[in-house]
Amino acid sequence: MSVSDTTLSSLPSDPSDVAPRITAGLTMSEPGPPSRSPWPRSTRWLLGAVVVLGAGGAIAALLPHSKHAPAPPPPTLQADRAGVTLTPDAPQWKYVELAVAQEAAPLTPLPAPGRIAFDPKRTASVGAPLAGRVEAVTVRNGDRVKLGAPLFSVRSGALADLDREVQAARETVGVKKRLLDRVRDLFAVQAVPEKEVLAAEAELKEAELSLKAAVAKTESLGVETAGTNLYWMRAPREGTVVELDVYESQEVTPDRDRPLLRIALLDEVLALADVQEADAADLRVGAPVIVQGGSATERSARIEHISEVIDPQRRTVEVRIRVPNQDRSLRPNAFVQIAFQPDPPSNGARRIRVPAQAVVSDGNQSVVFAMKSPGRLERVPVVPGRRRDGEVEIKSGLEPGTRYVSRGALLLLNQVDLAD
């Protein structure tokens, strides 16, 4: 039996009673022969009204109550290009901490890598004054030599030409002297006029000048000749061979770009440190440093020079430090660490220091979120300085006593970016 049959059997049908059956969604079966309902007409109308009212209530319950819906609560976070506004009950406060900007002593710069170099002012360069071929080399790189010690020898045809020029000048001077003596004897017996004597004297002076020039040219070479075409180069000063670029059978010329050999005094060396730009800005000439080398070598020194340009490859500033090295333990080309000492408190140097996570970057500049009014956090451009041990120095942009976001700045920056 279907639902419609059950319903119709329980409620006698009435051909005029259409509304209750339509509203209830009943499926009418084929009408049979008309029968007389035992229910009175008033009862049937009452039942139909109940069914209609029930269906209407169900439909009304399904319809949205748009007219009488309550207004949504205001947002707890509002962001714009300048900053973020949070209500007191905003859940974002769980991730945001505030602090007060205070001045403190400057951060100690991080140790910078460096290398040991010899002092060019205490170095002598040696080359070949005459073209030729190297015949012998008596020193090696790192050897300590004394003044005048032989370094290497060169066999040169140019040396023979110079020697011949000196000998020729000497012979010419001898001839001119004899000619002058003879002219003077003839003038004494009035065999020649006086002008002959004057001419002979002028020729002798010219020959003597030529000889003097030839000898000076040979002596200026600074070599020790050993035969007609061999000369030795000797150490022009006491020191250590720090650079050697000469070997036997090598062809050498005086117009070479680099010297063949360098000798330097190593009782005092230079430490060249590559310092980050942010750290170099606060360094000063004469400031104390500690040079740390291998084998626990540690020396106190002072800054001698700070470069005014930045290395284009390393993006660092070269700082030159003069280091005492009486024991020669700091060798040229060795790597060292340079520890810069902070300025003493007597200098009055103070910096605002904030946690590293308080400073964020929006792509163009570094910013800190500062509280401008209750619940209003605005980003403030700052110029950061040194970074160390989870802290950052603020050079400008944040004044002492300002309340700022010490934790959660990145969250606020993301909200600002979403508002753009």
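These legends accompany close-up views of one predicted model.

The model is predicted; local features need pLDDT of at least 70 and side-chain atom pairs pLDDT 80 or more, while totals for chains, interfaces and linings use all residues. Residues are numbered from 1 along each chain as its sequence is written, and side-chain values use heavy atoms, without hydrogens and water.

View 1. Helices (H or I, at least four residues) and strands (E, at least two) are DSSP runs, numbered from the N terminus. Of 420 residues, 32% are buried, meaning under 20% relative accessible area with a 1.4 Å probe, protein chains only. Accessible surface comes to about 25,700 Å² (Shrake-Rupley method, 1.4 Å probe). Carbon and sulfur atoms own 54% of that surface. Contact means heavy atoms within 4.5 Å. Among contacts with a separation of 6 or more, 71% link residues 24 or more positions apart.

**View 2. Four strands make an open antiparallel sheet, ordered S6-S14-S12-S8.** Two strands pair if DSSP finds at least two bridges between them. Strands S6 (123–126) and S8 (144–145) stand at the edges; each has a single partner strand, so one side of each lacks a neighbour in the sheet.

**View 3. Strand S14 (residues 261–264) pairs with S6 over 4 bridges.** The pairing is antiparallel. Ser125 has Arg262 of S14 as its bridge partner. Strand S12 (residues 239–244) also runs antiparallel to S14, joined by 4 bridges. Here Val241 stands opposite Ile263.

**View 4. The largest nonpolar core has 26 residues.** Such a core is a set of buried Ala, Val, Leu, Ile, Met, Phe, Trp, Tyr and Cys residues joined through side-chain atoms within 4.5 Å. Ile303, Val319, Ile321, Ile338 and Phe340 touch the most other members. Elements giving two or more residues include strands S5 (112–117), S15 (268–276) and S19 (335–340). A second, separate core of 23 residues includes Leu130, Leu151, Tyr231 and Ile263.

**View 5. Ile338 is shown with its surroundings.** Residues up to four places away in sequence are not counted.

Technical notes. Buried means under 20% relative accessible area, exposed over 50%, partly exposed in between (1.4 Å probe, protein chains only).
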